[in-house]
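Subject: Structure for your review

Dear colleague,

Please find the structure below, followed by an account of what was found in it. I would be grateful if you could read the two side by side.

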Amino acid sequence: MEYSFRDIEKKWQERWKASNAYKVENNCSKPKYYVLDMFPYPSGAGLHVGHPLGYIASDIYSRYKRLKGFNVLHPMGYDAFGLPAEQYAIDHGIHPAVSTATNISNFRSQLDKIGFSYDWDREVNTSKPGYYKWTQWIFLQLFNSFYSRKAGKAERIQVLINAFEKEGNAEYAMPNTQYYIQQFNAKQWKGFDEKRQQDILMQYRLAYCGIGEVNWCEALGTVLANDEVVNGVSERGGYPVVKKKLRQWYLRITEYADRLLEGLERIEFSEAMKEMQTNWIGKSSGAEIDYSIRIGELETTEIRRDIKSDDPSIKIVEVAISETVAENDEPLRVYTTRPDTIFGVDFMVIAPEHELVEEITTEKQKQAVDEYIAYVKSRSERERMAEKKISGVFTGSYALNPFNGKAIPIWISEYVLAGYGTGAIMAVPCGDERDHKFAQHFNIPITNIIGKYYDGNEANPTKDAILENSDFLNGMVMRDAIEVVNKKIEELGIGIRKINYKMRDAAFSRQRYWGEPFPIKWINGIAYPLDESELPLELPEVDSYKPGLEGEGPLANIKTWTSQNLETNTMPGYAGSSWYFLRYMDPHNDKAFCDRKVSDYWGQVDLYIGGTEHAVGHLLYSRMWTKALYDLGYIGHDEPYKKLVNQGMIQGSSRFVYRISFMDFPHLGVMEKVIVNEDAEIFISSGYAEKYLNNELTKQELIDLLNTVSANYFNYSGEIDNLPISLIKLHVDVNIVDGVELNVQEFRKWRNGEYVNAKFILEDGKYICGVEIEKMSKSKFNTVNPDDLVARYGADTFRMYEMFLGPVEMSKPWDTKGIEGVHRFLKKLWRLFYKESGSSQVSPGGGDLEGAVWTEEKATDVELKVLHNTIKKIESDTERFSFNTGVSGFMIAVNELSDLKCHKREILEPLLILLAPYAPHIAEELYAQLRQAPSFGGGLGEASILDATYPTFEAKYVAESSKEYPISINGKLRTTMDISLDAAQPDVEKMVLENDIVKKWLEGKPPKKIIFVKGKMVNVVI
């Protein structure tokens, strides 16, 4: 019987589907195990071979845990809302719901062909009303909650209202420190009108509304994502883009910063992933310091006077101001982690968006400031953060150092972001490299407060220097001075200690159509939540996807929508993905997003597999949502994922052809006869191409090669070296390349016959392509469709080959050619059960299956050793997610059993169970054959390998009874011998003297002595 993998895989996929083989119950006496993939966005391009890497790894582990006796939840669904589908709709006139449904159908088909063990009854689709009803519901819980710093958790907004009515907000500091009202008592609260009260509550809500900047492209009439803006213009069309302020929703994730950091200590993420999240949160300790502002040029004289302080040594310098200078009412508040450097501040830098920009810009500097602000508005935040070019503009105003009155110029620069700290920094050039370069660029004098630690060329961020030029801090070690300054600024009332975070509240709205509608109505400027009974608020049909007149989302164009005062923004792509792992637990519940008993049973995701690209997006937001739902009592765990494995990327191995290109000759003044057949493009094989590019092949030699493929293709009597002959490197479809050899006939047909007349300069009769490892992408023609490989080699071969490529966490290049080796392995496995040909010979054991060769004979010790070594290795490798070495272990086992000619059921059946997670189809088929054969075990019937018991490793079968000893003659290794571990000296001597090689060296003479070191070596002295 042949290994008919296509028939086998089709048969078992249909049977598993018909029997609901992968259906998972929520009520089960077995221990649970939850394995989750980061669910895909169903793009129109479908899957390429890089996408299933993580899915195969999770499927292997899910099947393995099932065999180990666990009730395994392994679901799949689709992150279906988002910009790509909407853009496709705009470009092609197809509703996003239609294109998304088509893409999902294609994805599902591709996944099914690979044989995944998903419980499709639990499939979720974030764009379905039945799903996003609960996304909207969770949003309402966040909207109706605030983070209580007293309780250290989220609480209902009514708790806050009750407190305000009794005592004001003295016990509840306002999270938005920029709001103009910071404190109020109960009487004041009750005196506020409804709009003011709701405005204040909005400053506390976990989901809150504010004014934020978006990228507005007037020419395209749309808001663009940061990724769609390049160097201040739209990626599509190259039109100018400016910053525009619109109403935006946010999530107050900053309130969870400390808990997000603490939670990292309790979960199994890689150290790299933990570091990425830690750095993104960016917790720092420091102080906020208020600097008074003087607008205009200063004339200063030092006038010292005592100030109220327990330390009489602290003095303050007042400044005599010229008549043209005005004092600004509002101080400049600066956050710093290094208050010890306060006497080294040589300039201030504020963000271009800072609220004080207009107030402190002098008339003399106004034009320069306006021009600079316009420049910054054309750039995305990502571009600003990545910018290495130094830019900035002076406001014309100064801040006064609160300790010595020094006038410090205030600059504006794009490298300071409004959202971090206070949007203003105090620049200490001798201690910060960025500040140092800025000072050098604008010729700002630099104060040295760290003596020999500063060489005048590079900043030194040390904390170990002895402070100089630092007034009352002189002589102190910098790290010790931090606490001294913090204490002083609080005593003087000019600042406070402050914990700050680099992370900012997450923007949670988009001016797009294809997303979840917000369950919010705006009436007289107040946001009113819909009643939960009104959910889902369904996305309406639209005729146009254009934004509103002022840049609002397309919903602003629908009168039936705006007449109800509904929010016109929609939720971002990560809304549905922030909680989808909970919906998988209870996907058909129409009363709750997930029944509490069900979520208590499944608990955290035990194993999550996905890419590192979601480190500071989805992974952080889902952790925050989980903590909020936990705080409000809806679930019993505050971290969504116990363990995260980041799969690497399967890179594309691109292939290139080299086209010979000639520039127009007449402009060179060359009038000699040149014959070029322009219809016949000529491609030169990579070996020749590389020589030409490395100047190892002359132009004359290249022309000679040209003329070999097309007689008189090129005829030129002038100076050859002056001719502009170049090679153009072009990507070619890897699917028409065998390894590196181009199928020239397929190439001529490629791209609708664009190269139908092509001619080729070959190497040894072959066209060899260039090779380069790149990201797998359709634009590079280096994607490989898994459907093609499954059709050619089978799903089991594809699954095992993806794992065989290398460690699942590592990136590695794809090479289709290597898949044949894995396919040969499965054929070799098949031959342990069946004859290679379609022989009708009856099995020696009496079986009646065509070509069967397995027997019921008792296994030998050697065969049992092979089996149990394999059990130990596969179990260990699978537990460690070392699937590539697991595949190698199977290959070794099959080779060893083939050498032993072992066809015994006692060995083969447990081997199939081990193999089932990796290659489920062939394992199920052979397992069924073993158990259905009446002569073998009495016909055990239709029991599936999916429910078999995982083999148990028994150490007794692999215990060593002998050892291969090195046998040396006069200290030099001459041979080896297998000697029993129990052998005594006399026995060893007798065996050694009977060895043919030892006899040869002895030449009939007795040895002087034989040295035997038990367990190590034997040395014969002659």
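Two strands are said to pair if DSSP finds at least two bridges between them. Helices (H or I, at least four residues) and strands (E, at least two) are DSSP runs, numbered from the N terminus. This is a predicted model, in which local features need pLDDT of at least 70 and side-chain atom pairs count only at pLDDT 80 or more, while totals for chains, interfaces and linings use all residues. Residues are numbered from 1 along each chain as its sequence is written, and side-chain values use heavy atoms, with hydrogens and water left out.

Strand pairs

Strand S33 (residues 962-969) and strand S34 (residues 972-980) run antiparallel and are joined by eight bridges. Within this pair, Pro 966 stands opposite Thr 976 of S34. The two strands form a hairpin with two residues between them, and Asn 970 in the turn has a positive phi of about 55°.

Strand S10 (residues 283-295) is likewise antiparallel to S14, with five bridges between them; Asp 290 has Arg 333 of S14 as its bridge partner. Four of the five residues of S14 (residues 332-336) are buried (under 20% relative accessible area; exposed means over 50%, and partly exposed in between, with a 1.4 Å probe and protein chains only), so this strand is largely enclosed by the rest of the structure.

Four strands form an open sheet in the order S2-S1-S23-S24, with parallel pairing. Strand S2 (71-73) and strand S24 (644-646) are at the edges with a single partner strand each, so one side of each has no neighbour in the sheet. Neighbouring strands are turned by 20° against each other on average, direction ignored. Axes here are lines fitted to C-alpha atoms, for helices over the stretch in contact, and angles run from 0 to 180 degrees between N-to-C directions.

Strand S1 (residues 32-37) is joined to strand S23 (residues 607-610) by three bridges, and Leu 36 has Tyr 608 of S23 as its bridge partner. Helix H2 (residues 52-67) packs on this sheet and touches S1, S2 and S23, where contact means heavy atoms within 4.5 Å. The direction of H2 makes about 170° with that of S1.

Helix packing

H2 also packs with helix H25 (residues 795-804), at an angle of about 105° and with the axes 10 Å apart. These helices are therefore roughly perpendicular to each other (65 to 115 degrees; under 35 counts as roughly parallel, over 145 as roughly antiparallel and the rest as oblique). Residues in the contact include Ile 56 and Ile 60 of H2 and Phe 798 and Met 803 of H25.

Helix H29 (residues 905-915) and helix H30 (residues 920-932) pack at about 150°, with their axes 9 Å apart; H29 and H30 are therefore roughly antiparallel. Among the residues in contact are Leu 912 and Ile 913 of H29 and Leu 926 and Tyr 927 of H30.

A loop residue

Ile 446 is found in the loop between helix H14 (433-441) and helix H15 (478-491). Ile 446 is partly exposed, with a relative accessible area of 29%. Leaving aside neighbours within four places in sequence, its contacts are Asp 346, Pro 429, Cys 430, His 436, Ala 439 and Tyr 454.

With kind regards
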